[in-house]
Amino acid sequence: MELLELARAIRSRDPARPGWAEAIFCYAGLHAVLWHRLSHALWGLGLHALGRLSSHVARMLTGIEIHPGARIGRRLFIDHGMGVVIGETAEIGDDVLIYHGVTLGGLSGQPGKRHPTIEDHVTIGAGAQVLGPIRIGRGARIGANAVVVNAVAPGCTVVGIPARPPKGSQPCDDAGIGYGLRGVDEDPVGEQIGALRAEIAGLRAEVEALRAASRERV
């Protein structure tokens with residue numbers, strides 16, 4: 001029974017180690033996956049309006065938006081879950097872990113495959129955006145708040161904007177993926193901000209030098 005399988009996955013993967021009753025009744029991710037099974041079945045029967053209505057109700061109750069056309073494997077664990085969005089042509093394998101605020105979205109408004117394919121045993125950190133018809137390989141890990149627009153190789157860890165492997169390709173444990181990586185000394189956004197600050201400081205120095213030269217001529 002899928003309900004018990006999902007609850008068992010939560011109990012084994014959540015460090016809070018909830019009891020059976022807590023896992024079944026208090027985890028929105030479990031409810032969202034079960035509700036999606038109904039929505040997806042209706043969608044598959046060609047009852048698209050009913051499928052969308054079912055998924056809309058599920059979103060209101062769980063805070064998790066899963067398009068009824070998305071394909072989801074077994075034992076998906078959506079931890080916390082609020083703000084997760086999974087698009088129509090997204091495909092998710094087995095034993096995937098997704099934290100809150102994640103988007104599996106598209107970059108094109110054209111029909112066809114436009115959302116990611118997530119293979120088995122992938123971990124996607126909080127706030128990460130995985131965009132376009134790309135493939136995230138088996139066992140890959142995506143750091144919190146990363147923006148992924150290119151395929152990720154199996155077993156690879158990526159972080160940052162745009163997402164790329166950490167400097168030196170250091171391995172990162174799962175505990176660091178969800179809310180921010182530990183031991184990663186590369187920050188692409190911080191590097192760009194630092195470069196802009198350095199450029200502004202240089203421009204200010206040039207302006208002051210020009211002003212000083214102008215005062216000397218006067």
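Start by selecting Glu5, Leu6, Ala7, Ala9 and Ile10: these are the buried residues of helix H1, where buried means under 20% relative accessible area, exposed over 50%, and partly exposed in between (1.4 Å probe, protein chains only). Before going on, note that this is a predicted model, in which local features need pLDDT of at least 70, side-chain atom pairs count only at pLDDT 80 or more, and totals for chains, interfaces and linings use all residues. Residues are numbered from 1 along each chain as its sequence is written, and side-chain values use heavy atoms, with hydrogens and water left out.

Now show all of H1, residues 2-13. Helices (H or I, at least four residues) and strands (E, at least two) are DSSP runs, numbered from the N terminus. Around the buried residues of H1 you will find helix H2 (20-25), helix H3 (28-44) and strand S3 (77-78), against which they pack.

Next, pick Arg37 and Glu2. Their side chains meet in a salt bridge at 2.7 Å, N to O; the term covers a side-chain nitrogen of Lys or Arg within 4 Å of a carboxyl oxygen of Asp or Glu. This pair links distant parts of the chain, with Arg37 in helix H3 and Glu2 in helix H1, 35 residues apart. Arg37 is partly exposed at 24% relative accessibility, and Glu2 is partly exposed at 24% too.

Within it, the closest N and O atoms of Arg75 and Asp95 are 2.6 Å apart. Arg75 lies in the loop between S2 and S3, while Asp95 lies in the loop between S5 and strand S6 (97-98). Asp95 counts as buried at 17% relative accessibility, whereas Arg75 counts as partly exposed at 22%.

For the sheet, select S2, S5, S8 and S11, which form an open sheet in that order with parallel pairing. Strands S2 (71-72) and S11 (135-136) stand at the edges with a single partner strand each, so one side of each has no neighbour in the sheet. Two strands pair if DSSP finds at least two bridges between them; S5 (residues 91-92) and S8 (residues 117-118) are joined by 2 bridges. Zoom in on Ile92, which stands opposite Ile118 in S8.

Arg135 is partly exposed, at 45% relative accessible area, as is Glu119, at 23%.

Key:
Expected span 1.5 Å × (residues − 1). Contact = heavy atoms within 4.5 Å.
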